[in-house]
Amino acid sequence: MAEIALTTSLIRVSASGEINTENRPVRVSYLTEQTSHHPPVSAFWVDCPVKGISAYGFDQLSAKFTGTSVRVTPGAHNLGIFINLQHRDNEEYRLTHPAAQLAGLLRGSLSINVADTCFVTCPKSKIKVILQYLEEGWLGKAQNRVSGVIFQYDPENDNKVRIKDVPEKDILAKLEGCWQDEIYYTLTTSMEPQLLIDLKPLWPLPKIIPPESQQLRNESRRFWQGVTEAILNRQYNQATKLKQELEERQREKAAARKEQGLEWQPRFFTKALVANGKPELTEDGRQALQGLQANDYFLRESSLTSA
């Protein structure tokens, strides 16, 4: 319940707008902490101070076997990703997650299909996006198509959930493309599609993590190190044994806290769960992110851990 991860990545960006990076690397830092064990929920925070961008939320997934596939949906405490743009008067955008299906289990040919609707909303700018991930046919090859509209909406009367329900007069632009390839937008004042993003050349960057000697005992890589090594060495019985020992220690500590009437308190986030889906950093959380930006990975050991 107190497992944490600290990572940072360097991204090269072109200078644009008021933020002149002169094509130098921009550092993006990531902090996450498992704030709840039952149900399993983690809070996370992504920070890029030089660009004035931060993203945060709770990570929780729900998986259900439907007979021929596994349907993965956001958990009850996962209300989406919240993105704050500091240099745009702190506009906050909420992005909800679409459901996905992992198919081909019986055939031994796994594939991912996304067929759902998700939303991007910003009450301050009064702009909303509806994205419709299109379902593939039974015999057709997966096209990974997505379509959508960007439109003006009333945050006090947010009742538009389908593309066809949006009045033409409110639409600012339309979206069309493939979510694994190229996506285009077309402004209502133009009939010419413009490239919004080309996903083909984009790849995850290698993460920069604290050296093992500077990682806390309950950081994920150290916490699960024995289990990971056993899996890599194909010692699956040993991996199961070590995993069960860790989980049993977690249960014992949770029972002891309950007996003493103590409530679990995360270290880097103020609360284990919050109703609005937006975690808040503690002073330790802010210092951890500042340290990542400065290549300073020192953190005192946690006085309270879950195992």
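Below, each label is set against its definition.

Reply: This is a predicted model, so local features need pLDDT of at least 70, side-chain atom pairs count only at pLDDT 80 or more, and totals for chains, interfaces and linings use all residues. Residues are numbered from 1 along each chain as its sequence is written, and side-chain values use heavy atoms, with hydrogens and water left out.

Me: How many helices and strands are there?
Reply: The protein has four helices and 16 strands. Both are DSSP runs, numbered from the N terminus: helices (H or I) have at least four residues, strands (E) at least two.

Me: Why is Gln 60 called buried?
Reply: Buried means under 20% relative accessible area, exposed over 50%, and partly exposed in between (1.4 Å probe, protein chains only). Gln 60 has 11% relative accessibility, so Gln 60 counts as buried. Gln 60 sits in the loop between E4 and strand E5 (61–65).

Me: What does Gln 60 touch?
Reply: Contact means heavy atoms within 4.5 Å. Leaving out residues up to four places away in sequence, the partners of Gln 60 include Pro 39, Val 41, Pro 74 and His 77. A polar atom of the Gln 60 side chain lies 2.8 Å from the backbone nitrogen of His 77.

Me: Why is Phe 65 called exposed?
Reply: Phe 65 is in strand E5. Its relative accessibility is 52%, so Phe 65 counts as exposed.

Me: Why is Trp 179 called partly exposed?
Reply: The value for Trp 179 is 21% relative accessibility, so Trp 179 counts as partly exposed. Trp 179 lies in the loop between strand E14 (171–178) and strand E15 (182–187).

Me: Which residue 35 places away along the chain has its C-alpha atom 5.9 Å from that of Trp 179?
Reply: That residue is Asn 144. Asn 144 is also among the residues that Trp 179 touches, as are Tyr 133 and Leu 199.

Me: What makes a set of residues a nonpolar core?
Reply: A nonpolar core is a set of buried Ala, Val, Leu, Ile, Met, Phe, Trp, Tyr and Cys residues joined through side-chain atoms within 4.5 Å. The largest one here has 16 residues; Trp 45 and Leu 289 are among those with the most contacts inside it. Strand E3 (41–48), strand E4 (53–59) and helix H4 (283–293) each supply at least two residues of this core. Another core, of twelve residues, lies apart from it and includes Tyr 93 and Leu 175.

Conventions:
A polar contact is a pair of N or O atoms within 3.5 Å; within protein, one must be able to donate a hydrogen and the other to accept it, and residues adjacent in sequence count only if both atoms are side-chain atoms.
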